[in-house]
Amino acid sequence: MLKFLSGAGWRRTRLGHLSPAPRPFRISGAIAVASIACLTACSSPSDSASPGAQTADSRADASSAASAANKSPAPGSAFPGLGQVPTLPISITATYPFGDPAAPPFVQGLEFEPDGSLLVGTGLYGQSTIYRLRDWAHNQSATPTEVNDLSPDLFGEGITRHGDRLWQLTWKEGKAIERDASSLGAIRDVPLETEGWGTCSFDDSIVTSDGSGTLTLRDPSSFAPTKRIDVSAGGQPTTWLNELECVDTGTGREVWANVWQSPYIYRIDAASGDVTGIVDAQPLINDLLSRVSEEQRQNVDVLNGIALIPGSDEGARNEADGHRQFLLTGKKWPLAYRVDVGDGVGKRE
């Protein structure tokens, strides 16, 4: 079964973010379903050969390992807020096949459009792409359309639609890609001053994560940063905020964030940066592992991908803590899960 990290072992960097020491290395996606014993110390990916000097297959293998080397917590690390912030109850309401079962997507971004179509962004060097699954909310057999592959030297990350534009992050390449929301074709690249991890959108701003415990608000037109929000859980600084989903409750704004290399999702008050609830998605992981073959299990990677089901929060629009329904999946998961997330305890006033 999946084993995730607990205990001590974080250190603070000169930028004020928490960081593990030393950085471990994930040999393959199997680390997410085997044990932390598979992690061993390694050098920074910056010490390795340039992706351009490798074959497409070796780039894909190396990029998965390099991602883990830069991102994965040290053995014995604790995720802030556990035991201090209310745990939000989660229940699986439906399970769907997702992608090619022989080669499930390395999901980096997941977002529904108002009509029920699902936007998917994937990662890995030489394999990163973005596409649409039309009306997926009502037709889970929909096949990809508007497929746009990234250049082999780009590692795709989070995606979000804002009006007639869509933004796609890249991991370490220092750029975000602005796309036409209809065709998903690229319009331009803009500079990105941080690593790109996750992104989501409110009416007047874009939110991005960079693997730290800070969220950045951005101008939807220029993508320039306008504000940074430090996220804390139970009074502790956070880290490893990854894929994001923005939820406007009608009375406030929430950012839901996958915590990388864990089964946890933070519900974050977008105004204060406080974590107001934690989802433990371990039941999904247990279910996934009970359904996949041993060969598939070796490739299953971490929980990553959170999309609010269109219309599923209408009954909670005016509640600070209301039920939400999300589609959740992960990197190289052959399944996606529709889940109901409840209020939890200790509701906000």
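Phe202, Val207, Leu215, Leu217, Ile229, Val255 and Ala270 are the residues that line the second largest cavity. This is a predicted model, and the volume of that cavity comes out at about 30 Å³. What classes of residue make up the lining of the second largest cavity? There are seven nonpolar residues, with no polar and no charged ones.

Now for the bigger picture. Counting cavities of 30 Å³ or more, the structure holds two. The largest cavity has a volume of about 50 Å³. Around the largest cavity you'll find Tyr96, Phe112, Trp136 and Ala137, along with Gln140, Ile309, Leu327 and Arg338. By class, that lining splits into six nonpolar residues, one polar and one charged.

| Cavity | Volume | Lining by class |
|---|---|---|
| Largest | about 50 Å³ | six nonpolar, one polar, one charged residues |

Another spot to look at is arginine 267. You'll find arginine 267 in strand β23, which covers residues 264-269. Is arginine 267 buried or exposed? Arginine 267 counts as buried because its relative accessible area is 3%, and the cut-off for buried is under 20%. The side chain of arginine 267 also has a partner: a polar contact of 2.7 Å links it to the side chain of threonine 276. So, to picture arginine 267, think of a buried residue that sits in strand β23 and has a side-chain contact with threonine 276.

How values were computed: Residues are numbered from 1 along each chain as its sequence is written. This is a predicted model: local features need pLDDT of at least 70, side-chain atom pairs count only at pLDDT 80 or more; totals for chains, interfaces and linings use all residues. Side-chain values use heavy atoms; hydrogens and water are left out. On a 1 Å grid over the protein atoms alone, a cavity is a set of points where a 1.4 Å probe fits but cannot get out, and a pocket is an open set with protein on both sides within 12 Å along at least five of seven lines; lining residues have an atom within 4 Å of a point. Grid points are joined across faces, edges and corners, and a volume is the space filled by probe spheres set on the points. Ala, Val, Leu, Ile, Met, Phe, Trp, Tyr, Cys and Pro count as nonpolar, Asp, Glu, Lys and Arg as charged, and the others, Gly among them, as polar. Helices (H or I, at least four residues) and strands (E, at least two) are DSSP runs, numbered from the N terminus. Buried means under 20% relative accessible area, exposed over 50%, partly exposed in between (1.4 Å probe, protein chains only). A polar contact is a pair of N or O atoms within 3.5 Å; within protein, one must be able to donate a hydrogen and the other to accept it, and residues adjacent in sequence count only if both atoms are side-chain atoms.
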